[in-house]
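Please walk me through a few backbone and side-chain details of this protein.

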Amino acid sequence: MRKNFGAKPWCYPQPVFIVATYDEQGNPDAMNAAWGGIDQDDQINLCLSAGHKTVKNLFVTKAFTVSMGTADQLVACDYVGIVSGNREPAKFSKAGFHATKSEFVNAPLIDELPMAVECELVSYDPETCHLIGRIINVSADETVLDEKGKIDPAKLRPITFDPVHNDYLVIGEKVGNAFKDGAALK
């Protein structure tokens, strides 16, 4: 038997995206965004309120990065989600983050978060808060690469948001082989 909960914004996994931008003076800012995902080969979509400092910045620069929140940086990732850059101008540094400018877009890469999607703004709908970004590059620190030079989730240790219990969960356990295991049912 199933239990009905009604209309809720619940989905598993819900990524913990850390969106980063530069302001008009070149100062980095970041925010935690749990609602988003890849919707085309070269696009990411996010639900972000226009009132966030980070969103105001990306309207000016037309660029942003989306880093994967990690277990190692959980406290900092949560901090940038509960503190507003509109009220705390030193939010980025208080999180313990350091920035390196992306080679591809006018936005900061967060040194402490080893994987990022580097994006240009495509569109923003103020009524729905739906933002679309074009993926220009994906970068990852060598510390999270496997022996074949690919991103290793066990080394990255990305976190997801559990909206039912307000918990963060870590991803990394392999349980199967995509595009292969289902062939057993053919």
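Guide: Lys62 sits in the loop between helix H1 (53-61) and strand E6 (63-68). Helices (H or I, at least four residues) and strands (E, at least two) are DSSP runs, numbered from the N terminus. The model is predicted: local features need pLDDT of at least 70, side-chain atom pairs count only at pLDDT 80 or more, and totals for chains, interfaces and linings use all residues. Residues are numbered from 1 along each chain as its sequence is written, and side-chain values use heavy atoms, with hydrogens and water left out.

Visitor: What is the phi of Lys62?

Guide: Lys62 is not a glycine.

Visitor: Is Asn166 buried or exposed?

Guide: Asn166 lies in the loop between E11 and strand E12 (167-170). Buried means under 20% relative accessible area, exposed over 50%, partly exposed in between (1.4 Å probe, protein chains only). At 60% relative accessibility, Asn166 is exposed.

Visitor: Which backbone nitrogen does the side chain of Asp162 reach?

Guide: Asp162 belongs to strand E11 (residues 159-162). Asp162 is buried and has no salt bridge, meaning a side-chain nitrogen of Lys or Arg within 4 Å of a carboxyl oxygen of Asp or Glu. At 2.9 Å, its side chain reaches the backbone nitrogen of Val164.

Visitor: Where is the cis peptide bond?

Guide: Pro13 is in the segment before strand E1 (14-15). With omega near -10°, the cis bond runs from Tyr12 to Pro13.

How values were computed:
Lys and Arg count as positive and Asp and Glu as negative; His and the chain ends are not counted. A polar contact is a pair of N or O atoms within 3.5 Å; within protein, one must be able to donate a hydrogen and the other to accept it, and residues adjacent in sequence count only if both atoms are side-chain atoms.
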